[in-house]
Amino acid sequence: MILAIVVIVILAVGVGAAVVLLRPAAAPSITLWYNSTGHYGDTEPAVAQLIKAQIEATGKVTVNLQSEDWASYRADFAKGNLPFFLLGWYPDYFDTDDYVSPFYSTAGAQSEGSFYTNATMDKWVTNETASVDPTVRGTYFQQIQTQSAKDVPYIPLWMTNAHVVYDSDITGVFLHPVVFKYFIMNKPGFDHITVGTTDSPTSFDPALAYDYFSGEIINQVFDTLLVYEPTNGTLLPGLATQVPTVGNGGISADGKTYTFQLRTGLTFTDGSSLNATTVKRAIQRVITMNLEGSAEFLLEQVAQLGKTPTIDTPNCPGPCTTIVFHLLQPVGLFNQIMAFSVAAPVPWWYNQTGAQQDVVNGNVKVTGDGPYSLTSITSNQQYVLQKNTNYYNPGLYSAFGIPTIPILNKIIINRYSDSSSLKLAIQTHQINMAYRTLNPTDLTALQGSAASLNLKVDIGTSPQIRFLVFNVNKVPFNDVRVRQAIAYAVDRSAIVSNVFHGFAVTLYSMVPPGFFGPDYSSPVFQTVYGSSPDIAKATSLFSAAPLAISLSIFQTDVLERNWL
Amino acid sequence: MPKQGSLLAYTVSRLILALPTLLILLTVLFLVLRILPGDPISALEAGRRSTRDIDADKARLGLNLPWWVQYPVYLSQVFSGNFGTSLGQIYLGQPVLQVILQKLPATIELAIGAMLVATVIGVGTGIIAGSRRDKPPDIVIRLYGSIIWVIPVFWLGLMLQLVFAVGLHWFPPNLRYEPDPVFFPPPTRITGLFALDSLLEGRIDKFAISLAHLALPSLTLGLVLSGFFTRTVRANLLRTISSDYVEAARARGIRERIIIYRYAFRNALIPVVTILGLQFAILFAGAVLTERTFSWDGMGTLLLTSIDSRDYPMIQGTVIVYALIIVAISVIIDMINGLIDPRVRY
Amino acid sequence: MTIKEPPRAEERETLVRSSSSIGTLVDLLLRNRRTLAGALSWVGIGVLGAFVFVAIFAFFLAPYDPQRIFLTPPNQPPSLQHLMGTDDLGRDLFSRMLYGARTSLEIMAIGVFLALVIGFPIGLVSGYLGGKLDRVLVLIMDSVYAFPGLLLAAMVALFLGKGVFNVGIAITVIYVPTYFRVTRNQTLSVREETYVDAARALGAGSWTVIWSYIAYNVLISIPVVFSLSAADAILTAAGLSFLGLGLERPTPDWGLDLSDAQKFLTSGVWWSSFFPGVMIIILTVGLSFLGEGLNDIVNPLLRKERA
């Protein structure tokens, strides 16, 4: 009997000893965080492990991987708890500034978790937003990017792909960089389509929503003052009657006053009125509530409306169609921001102290004015968009060959738990379209069998960028040499070819090339760090920063949540 | 007081016993959910709600109070059905109990389907094995029983999907019903169980569709559970076959076949009811994994989603409802046992 | 899963104060080695032994470092250089399977061993002393036992975080009631045996009685429970990994590798899902054979029927 216990103990000790003895000696360690619940797709764990291996190739550091669910991840990096992590960014508006302010301005860097602050950079950012002259802006953007490669608060890695797989008879499918438009799609002989996705929304309140799927729905249901042409980034009048320019007096000479004329007779789908007062109230609401994680900073800081915006409604009451925005500084891209969902007017009765609940007592409360209305929500399972018969401008795209929008009567969006399930569903024609997100291997397979399955597989480069973030206040990343060493060690091509099977593009600057009007992108990381990893340089930089790294051993990696 | 040995007395005594069981389960859950370190609310909400709201939520949920104060509040909340409102991204603001009751029928339907499959396969194979003792069918079935329950249920689900949905196109690969509500409107919701509702609606076509979608998930979960049925039914059959009254029947010259079917068979099935009850715990665990594989919108998916979004009230609510169901089922099983086997009542 | 409980004491052949119940066990095993039950047990022991050996000597047996990445490209089918192929990050699957045995056994050891260490003494004391303490403990343990194991483990893992030790603790929580139950039942039976009464009559103290007489004979039933709960523990750990609550990458773990590889199955990459799944199945089948076999041997009712 004693024998039994002894045997068990020996076994346990033996295994334990072997485990301890045969593990390699621990080198100084750093922690890389990533999201494991699929927010960026199922490929994220593979990316994290590859980067870990690439950094460890220097032999100077060990990389511990840590992962979290998305809610905690977002909270943690915003609070500054994550020292080194993977992140992504999707453009909100068609301007290069959208890849610069959020990262290199002090306020932006704080919400992106890097806490980078550089007064000169702030000045350059303010200057480029104030100007409309491409040459002037180009100089600033170049300066910003060059500095970014020196300070390395972020390491740009790759640009993702955008893809959509759908029945080959569906028309009007276009991978628009900012607004995916269901209302221009058509399936001849059908009055509706079913779409599958793996995305989950946060909220359909424009004052809070700041993630892709929420925005995707909001863009069908809420119109903004200005909207985009079907396939590019040119602005069209939406709720407003014209796009403000200096020429038509919509923009003042000093660039600090923007005047919009609203159309008359606008209403939301519940009949409540939409006039200048409504718009003013909605914009103020976003800024006053300042919900954490929302895009409020786009209005307050980027659009320079400030904490207490000065918005005039000179002809209210009455026709109540004129709305005048007074900016603290001139902002060249104000119109662009007015086309983003955060600026979408909401009904006057929307919750003024918090996000409007999407469903109350089983009733959908999401009320907009767009081509579609959201008529049914089965949380996390199905969302039904139905044609808004009172849409104020069905002929919006008549100049582009689309007489009325929306074309289809209903769009039904179904959620699947993961990419493999989504692939199974589109493959067996359970759904008409699969949008966001399929695995790269599944994409390749579907591409191959597309013809026989009567499917179309559209793949385009998306302006979504993926990058590493350093919390520059946390040891050892407060030493720029450590950050530069990692910049030398990462192998972007390996990630692109092995994880994404070529469906992504290597990226050498936080400003992606080739999208918005003038291309201000400059591949600074390639210039400074090369396109292939330089392990020798990385190793020597790590060696030059020994104090920083050895300090990190004593740094606790345990997350400082509010323990009891 | 109803007389000793009556069904009523037995039921009452089981119900009385159920309360402490429930209480203990709730306490264990309370310990796990509240005492373990961490401030889930802050972790959850920072990033989505203002600090003012976060503190208000904490105060409202009573999470900033010492645990001995929280405990009675927690218990009273549970028994009054007040599970609070969701704090997660997806169900923000919706009452937890309401969401749970919406998703519960899906899991119940899956559970019933899986139980049916498990019982039919398990009992069938158990009887075959028991009645052909130590012959090849018995050995094969015993091996099956040992192996089938160790196959990871999520792996089995994927295999079945690939073979029957993608390969043979016999069944749809996932979801509870066709994803196109215009071409295939789902049954009007009466109980929330699609198969039942479609029958109540009188629509055989809807019934067929719900069954088709129910097939693979039930098969997955049912197969894994059947192993246990097989072994237990076989063991019980063997025990009954060698018992005295069967020996007596044999001595009287009754044919073996009749002995098996009339005597042994029926008595061997008595413990099956008990097994059914015990299996519910395993069933719910397996259902979480199965629901994930088949994008089945039930309690399991709800629990996973709330874990992913750190929706603390929803996690608590879901887990408590599981506990309630399990206690309820054990009471029902005990009652059924009392009904068919009077010996138990004493 | 419900562990089938070994029979009551009066149905057993030999029940004396044994200096080594493992001696009795081995004796029974050897005597029964030609029966199906005996054969199953020996198969189980063999499987377990093989995996323990692999776990301890993985360092020497594995052809490559399980973390080493061969991007040539990844997802290579089985070949001479890579016996089980490579996974989606180009790591040698065979090496990962060998090291995965270590992770699985570590979790199993921590989880089940701790459950034994906690559940056994409590069950012993509760069964021997009886009374109010016993009733309360039984109620508590039965309630926890009734709750879905995976869900309880998921709750615990959620709040403890990832890691081998934390998963082990989560598993311990599930299996303490099992060990408690079995131990208590056996204790109850043995307690009524005449020789125990005799010992008490002769003035042996409670502690001596418990330890010398009851514990030894109760321990014979432990290996059965151990094997069956160990098998279940491995499946639970795999389930936790599938739910994203188990271990952190890139720890080689069968459950984690299996769930990571499933997304490639639909594109024809079968080996990265197949081999982890097979490993899990072989080890759990081996353990369940061991448990079943031991159970059949130790259970004389079935033995009587064989006559």
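Does Arg436(A) count as buried, partly exposed or exposed, and how many C-beta neighbours inside 10 Å does Arg436(A) have? Arg436(A) counts as partly exposed, because 19 C-beta neighbours lie inside 10 Å. A residue is buried if 20 or more other C-beta atoms, placed from the backbone, lie within 10 Å of its own, exposed if 12 or fewer, and partly exposed in between.

This is a predicted model, in which local features need pLDDT of at least 70 and side-chain atom pairs count only at pLDDT 80 or more, while totals for chains, interfaces and linings use all residues. Residues are numbered from 1 along each chain as its sequence is written, and chains are lettered from A and ligands numbered from 1 in the order in which they are written.

## Backbone features of chain A

Arg436(A) is not a glycine, yet its phi is positive, at about 65°. Its place is the loop between strand 16 (433–435) and helix 13 (440–453) of chain A. Helices (H or I, at least four residues) and strands (E, at least two) are DSSP runs, numbered from the N terminus. Asn290(A), also a residue other than glycine, has a positive phi near 45°. Asn290(A) sits in the loop between helix 9 (276–289) and helix 10 (296–302) of chain A. With 14 other C-beta atoms within 10 Å, Asn290(A) is partly exposed.

Chain A also has cis peptide bonds. One joins Cys316(A) and Pro317(A), with omega about -15°, and Pro317(A) belongs to the loop between strand 9 (310–312) and strand 10 (322–326). Another runs from Ile405(A) to Pro406(A), with omega near -5°; Pro406(A) lies in the loop between strand 14 (382–387) and strand 15 (410–415).

## Chains B and C

Chain B has 13 helices and 0 strands, and chain C likewise has 13 helices and 0 strands. The table gives further values for these chains. Two residues are in contact if their C-beta atoms, placed from the backbone, lie within 7 Å.

| Chain | Residues and buried share | Contacts at least 6 apart in sequence that join residues at least 24 apart |
|---|---|---|
| Chain B | 346 residues, 50% buried | 69% |
| Chain C | 307 residues, 60% buried | 73% |

## Helix packing in chain B

Helix 9 (residues 204–241) of chain B packs against helix 6 (residues 136–148) of chain B at an angle of about 130°, with the axes 8 Å apart. Axes are lines fitted to C-alpha atoms, for helices over the stretch in contact, and angles run from 0 to 180 degrees between N-to-C directions. Helix 6 and helix 9 of chain B are therefore oblique to each other. Angles under 35 degrees count as roughly parallel, over 145 as roughly antiparallel, 65 to 115 as roughly perpendicular and the rest as oblique. The crossing of helix 6 past helix 9 of chain B is left-handed. A crossing is left-handed if the near helix is turned anticlockwise from the far one by less than a right angle, and right-handed if clockwise.

On the helix 6 side of chain B, the residues that meet helix 9 are Ile141(B), Tyr144(B), Gly145(B) and Ile148(B); their partners in helix 9 include Leu223(B), Val224(B) and Arg231(B). The residues of this contact of helix 6 with helix 9 of chain B divide into 5 nonpolar, 4 polar and 1 charged. Ala, Val, Leu, Ile, Met, Phe, Trp, Tyr, Cys and Pro count as nonpolar, Asp, Glu, Lys and Arg as charged, and the others, Gly among them, as polar.

Helix 7 (residues 153–167) of chain B packs on helix 9 of chain B at about 140°, with axes 9 Å apart. Helix 7 and helix 9 of chain B are therefore oblique to each other, and helix 7 passes helix 9 in a right-handed crossing. Among the contact residues are Leu160(B), Phe164(B) and Ala165(B) of helix 7 and Leu216(B) and Leu219(B) of helix 9 of chain B. The residues of the contact of helix 7 with helix 9 of chain B divide into 10 nonpolar, 3 polar and no charged.

Ala165(B), in helix 7 of chain B, is buried, with 22 other C-beta atoms within 10 Å. Ala165(B) and Leu216(B) are 51 residues apart in sequence and 8.7 Å apart in space, C-alpha to C-alpha. Leaving aside neighbours within four places in sequence, the contacts of Ala165(B) include Leu424(A), Thr428(A) and Phe171(B).

## Nonpolar cores

A nonpolar core is a set of buried Ala, Val, Leu, Ile, Met, Phe, Trp, Tyr and Cys residues joined through C-beta atoms within 7 Å. The largest has 338 residues, and those with the most contacts inside it include Phe85(A), Ala323(B) and Leu151(C). Helix 4 (residues 93–129) of chain C gives the largest share of this core, 18 residues. A second, separate core of 7 residues includes Leu193(B), Phe194(B), Ala195(B) and Leu214(B).
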